[in-house]
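Please look over the sequence and the structure, then read the points below.

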Amino acid sequence: MNARSFFLRMALALGIVLLAGQPAAHAQDADAVFDRLQKKYNSLQALRAEFTQTMTSSFSEEAARSSGTLILQGDQYRVETGAQVLVANGSETFVYLPQQKQVIINDATDDETAFSPSEFLTRYDERFRVERVETETVAGARHFKLTLAPRDPSSFFRQATLWLRDRDDIITRLEVLDVNETRMLFELKNVELNPRLESTTFIFEAPTGVEVIDLRS
């Protein structure tokens with residue numbers, strides 16, 4: 001199961017966000033915001049945050065919602081919600097489903113259709129370019145809203161949007177829209193940059209008595 005499969009199964013929830021639209025920034029302002037964003041996240045060693053996510057789709061009348069914690073370090077990440085635990089160590093992914101008493105193990109793959117939090121928070125510029133920048137007030141704080149367009153016209157993701165908080169250059173919100181008109185929206189809070197992580201953060205050991213489904217090649 002890849003990261004997209006995991007997130008599609010998750011229920012998402014958005015906190016209360018107050019938005020106030022402002023005129024689009026000038027081109028030079030867009031370049032400056034982009035430079036700030038790159039400088040901040042290029043120097044990032046690790047990130048820990050609480051998140052809420054919501055997913056809407058033309059295939060469902062109701063939005064899927066959930067929340068949890070997210071830890072990133074390079075191509076490794078750990079996502080925990082009440083229903084699932086996803087651990088990726090760079091070469092393998094582990095999806096633990098406590099209620100089903102199952103662990104699904106698979107190879108980590110570079111799938112263009114996969115939604116990986118690390119891809120969109122730290123490597124988004126490899127797939128997207130900044131199309132426009134606007135300013136918005138989100139939860140009382142000034143943000144830059146960056147609308148991104150895919151570099152590849154045939155990309156699975158049609159659009160991505162990042163919200164960069166002006167006072168500390170932290171991404172607090174991101175949204176992606178795919179070719180199936182599925183929209184996934186994240187809100188991050190209590191973001192910690194370069195937190196001290198335990199050596200076992202990206203190690204997963206299946207609990208005793210749990211069914212292990214190994215899909216590795």
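**Overview of the chain**

Among contacts in the chain with a separation of 6 or more, 57% are between residues 24 or more positions apart. The model is a predicted one. Its chain has 217 residues, of which 48% count as buried, and its secondary structure comes to three helices and 12 strands. The accessible surface of the chain is about 11200 Å², and carbon and sulfur atoms hold 46% of that surface.

- Strand 9 covers residues 157-165 and is mostly covered, with seven of its nine residues buried.
- On one side of the pairing, strand 9 is joined to strand 8 (residues 141-150) by six bridges in the antiparallel sense.
- One of the residue pairs here is K145 with W163, the latter being the bridge partner in strand 9.
- Six residues lie between strand 8 and strand 9, and the two strands form a hairpin.
- Strand 9 also runs antiparallel to strand 10, and eight bridges join these two.
- L162 has L174 as its bridge partner in strand 10.
- The hairpin of strand 9 and strand 10 has four residues between the strands, and D169 in its turn has a positive phi of about 60°.

**D178 in strand 10**

- D178 belongs to strand 10, which spans residues 170-178.
- D178 counts as buried because its relative accessibility is 0%, and the cut-off for buried is under 20%.
- A polar atom of the D178 side chain lies 2.8 Å from the backbone nitrogen of N180.

**Nonpolar cores**

- In soluble globular proteins, nonpolar side chains tend to be buried together.
- The largest nonpolar core in this model has 36 residues, and those touching the most other members are L37, Y41, L47, L146 and L164.
- A second, separate core has eight residues, including F94, Y96, V103 and V210.
- Beyond its neighbours within four places in sequence, L47 is in contact with Y41, L70, I71, L72, V191, E192, L193 and P195.

**Points to locate in the structure**

- Which residue in the turn between strand 9 and strand 10 has a positive phi? The residue is D169.
- Which backbone nitrogen lies 2.8 Å from a polar atom of the side chain of D178? The nitrogen belongs to N180.
- How many bridges join strand 9 to strand 10? There are eight.

Key
Residues are numbered from 1 along each chain as its sequence is written. This is a predicted model: local features need pLDDT of at least 70, side-chain atom pairs count only at pLDDT 80 or more; totals for chains, interfaces and linings use all residues. Side-chain values use heavy atoms; hydrogens and water are left out. Buried means under 20% relative accessible area, exposed over 50%, partly exposed in between (1.4 Å probe, protein chains only). A polar contact is a pair of N or O atoms within 3.5 Å; within protein, one must be able to donate a hydrogen and the other to accept it, and residues adjacent in sequence count only if both atoms are side-chain atoms. A nonpolar core is a set of buried Ala, Val, Leu, Ile, Met, Phe, Trp, Tyr and Cys residues joined through side-chain atoms within 4.5 Å. Contact means heavy atoms within 4.5 Å. Two strands pair if DSSP finds at least two bridges between them. Accessible areas come from the Shrake-Rupley method with a 1.4 Å probe; for residues, only the protein chains shown count as cover.
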